[in-house]
Amino acid sequence: MKKFFNYCFFFILANAGSLTGRVIRVCTDRKENPWKYEPPFNSWLEELKPDFIINGSAIVICIIIMIVLKCMIKKRERQGAEK
């Protein structure tokens, strides 16, 4: 379980890094090419919406899994100490 916990932590860091890189890329592109983010094209926030949905939901799911795993690990440790 501790390996899976560490894997989830790594997955959170990877998704956070990916999301940060995408935000930086879109913001710098918006400064260099402002015409790309004016109508009829998507605004820069609309451009980032799918990234926030995918990476953000993956981060939230991993955090929930990590909390459950941490509780299960603590419970096993307490049961082992009682015996």
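Y7 is partly exposed, at 48% relative accessible area (buried means under 20%, exposed over 50%, and partly exposed in between, with a 1.4 Å probe and protein chains only). This residue sits in helix α1, where helices are DSSP runs of H or I with at least four residues, numbered from the N terminus. Bear in mind that this is a predicted model, in which local features need pLDDT of at least 70 and side-chain atom pairs count only at pLDDT 80 or more, while totals for chains, interfaces and linings use all residues. As for bookkeeping, residues are numbered from 1 along each chain as its sequence is written, and side-chain values use heavy atoms, with hydrogens and water left out.

## Helix α2, end to end

Helix α2 covers residues 44-82, and its 39 residues should span 57 Å at 1.5 Å a residue; the end C-alpha atoms are 56 Å apart, which agrees. The expected span here is 1.5 Å times one less than the number of residues.

There's still a kink in α2, of about 30° and centred on F52. The bend at a residue is the angle between axes fitted to the seven residues ending there and the seven starting there.

## The buried side of α2

Which residues of α2 are buried? They are L48, D51, N55, A58, I59, C62, M66, L69 and I73. These residues pack against α1, which runs over 2-32.

D51 is worth a stop. This α2 residue is buried at 19% relative accessible area. Setting aside neighbours within four places in sequence, D51 is in contact (heavy atoms within 4.5 Å) with L19, R22 and G56.

## Salt bridges

The structure has four salt bridges, each being a side-chain nitrogen of Lys or Arg within 4 Å of a carboxyl oxygen of Asp or Glu. One of them joins the side chains of E77 and K2, at 4.0 Å from N to O. E77 belongs to α2 and K2 to α1, so this pair ties together parts 75 residues apart in sequence. E77 is partly exposed, at 45% relative accessible area, whereas K2 counts as exposed, at 53%.

Then there's R22 with E47, whose side chains meet at 3.6 Å, N to O. That pair links distant parts of the chain, with R22 in α1 and E47 in α2, 25 residues apart. R22 is partly exposed at 21%, and E47 is partly exposed at 30%. D51 turns up again here, linked with R22 and E47 in a network of salt bridges.

K36 and D29 also form a salt bridge, with their closest N and O atoms 3.5 Å apart. K36 is partly exposed, at 33% relative accessible area, while D29 is buried, at 17%.

How values were computed:
Helix = DSSP H or I, 4+ residues; strand = E, 2+ residues; numbered from the N terminus.
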